[in-house]
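Subject: Structure handover

Hello,

Here is the structure for you to pick up. Please open it alongside this note, which says what was found in it.

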Amino acid sequence: VVGGGGRARGGGGGSRALRVRSGRAFASASAVAKEPRFITTPIYYVNGQPHIGHVYTSLACDVVARFSRLDGHKVLFLTGTDEHGQKVEQSACKAGESPQDFADRVSDTFRALLPLYDFSADQFIRTTEARHKEAAAALWSALVESGDLYLGAYEGWYSVRDECFYTEEELVDGNAPTGAEVEWVAESSYFFRLSRYRQRLEEHILANPDFIGPASRRNEVLAFMRDGLRDLSVSRTTFTWGVPVPGPPPPDGLSHVMYVWLDALTNYLTALGYPDTEAADFRSFWPASLHVVGKDILRFHAIYWPAFLMAAGLPLPKRVFAHGWWMNEGEKMSKSVGNVVDPVALVQRYGPDPVRHFLLSDVTFGADGDFSE
């Protein structure tokens, strides 16, 4: 699933960057002769405990990273946690904790999966880290400089669970396409001129058939873009748990925080030293070789993320691959629904190697699978 290889925090909340060396002893001596590869999972949202779907994504990346090292590539394998947003703020309140304390506790449960499943991650990043807030602010400033942000007002449907805006036409029986509940939101917001990038995105996807995989997902993205793209709301004012929008106070006099997806996607740059584009890791590993994501967040990675990068004048990732869902008796596993399979109990019962083998061999990669013990 890897496209061509990429070229050549102390943080908030007591976070600590994780550097794991597992699997590196097998790297070929010819590594310097091949292009480096930057391989990423999405960062996992800390509104609840990890489930087997998170393990599946990390496992796929781990296998690609290990093979790439054996094949002589220098590899940076990144994973981590997404810790801002309205859902996290609400979950923390329900748990009787501050958002930071809640994020610290839940992030540790995701970090604990790395040694449990023998994942060879090189970095574990958190969006509450100081280095990430700096990178997110820098990307925002780059979008301002490109003329792609403007202040307006958003009014429409929003899913707190998905942290996603939906049009009326996208709703299914009054809910989001994912089945999540939606609520009507009306608030002042900065907008990103996404509509400006539809043609460039479409041309890039068509000119680079491996940019989105599998092919069925690429077709879905092109179909979604066919009727044009609407400008995207990229700030919120109705809660405070997020990266503050940098710059002078806006004309509306309100305190804006970044839309959680603009914040979260920036993690891929943060890990390489952005905004210092001359940093050694940035020069070696950007653009990313492979973003592996679940199919439900493909839109953010295949449309919003490349548009942000285009606006900021940065190269696009080489490949985005969207895998299917692990179902539980035909229903998508979800922390919010409460039908998740506990990945800790699973590996304690069977051991890491049997579980790793089952997850990658039982289902064609990219398709949905139904879990059963």
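**Helix packing**

The axes of helix H12 (residues 343-350) and helix H13 (residues 352-361) come within 7 Å. They cross at roughly 115°. Leu346, Val347 and Tyr350 of H12 make this contact with Pro352, Pro354 and Val355 of H13. By class, the contact residues are six nonpolar, no polar and no charged.

This is a predicted model: local features need pLDDT of at least 70, side-chain atom pairs count only at pLDDT 80 or more, and totals for chains, interfaces and linings use all residues. Residues are numbered from 1 along each chain as its sequence is written, and side-chain values use heavy atoms, with hydrogens and water left out.

Some terms for this section. Helices (H or I, at least four residues) and strands (E, at least two) are DSSP runs, numbered from the N terminus. Axes are lines fitted to C-alpha atoms, for helices over the stretch in contact, and angles run from 0 to 180 degrees between N-to-C directions. Contact means heavy atoms within 4.5 Å. Ala, Val, Leu, Ile, Met, Phe, Trp, Tyr, Cys and Pro count as nonpolar, Asp, Glu, Lys and Arg as charged, and the others, Gly among them, as polar.

H13 also packs against helix H1 (residues 52-70). Here the angle is about 90° and the axes are 10 Å apart. H1 is therefore roughly perpendicular to H13 (angles of 65 to 115 degrees; under 35 is roughly parallel, over 145 roughly antiparallel, the rest oblique). H1 contributes Ile52, Val55, Tyr56, Leu59, Asp62, Val63 and Arg66, and H13 contributes Arg356, Leu359 and Leu360. That contact divides into seven nonpolar, no polar and three charged residues.

**Buried positions**

Buried means under 20% relative accessible area, exposed over 50%, and partly exposed in between (1.4 Å probe, protein chains only).

Look at helix H7 (residues 215-225). Its buried residues are Arg217, Arg218, Val221, Leu222 and Met225. Seen down the H7 axis, they fall within an arc of 140°, so they line one face of the helix. The arc is that of the directions from the helix axis to the C-beta atoms. These residues pack against helix H6 (198-207), strand E8 (212-213), helix H11 (298-312) and strand E13 (320-323).

Aspartate 82 sits in strand E3 (residues 75-82). It is buried, because its relative accessible area is 6%. Leaving out residues up to four places away in sequence, aspartate 82 touches Ile43, Tyr44, Tyr45, Val46, Thr127, Val260 and Ala264.

**Cysteines**

The disulfide count is zero, with a disulfide taken as a pair of cysteine sulfur atoms within 2.5 Å. Cysteine 61 is buried, at 0% relative accessibility. Cysteine 93 is exposed, at 61%.

**Backbone points to check**

Most residues other than glycine have a negative phi, and most peptide bonds are trans. Some places here depart from that.

- Tyrosine 274 and proline 275 are joined by a cis peptide bond, with omega about 15°. Proline 275 is in the loop between helix H9 (267-270) and helix H10 (280-285).
- The bond from tryptophan 286 to proline 287 is cis, with omega near 10°. Proline 287 lies in the loop between H10 and strand E12 (290-294).
- Aspartate 118 has a positive phi, near 60°. This residue is partly exposed, at 39% relative accessibility.
- Aspartate 173 has a positive phi of about 55°. This residue is exposed, with a relative accessible area of 78%.

Best wishes
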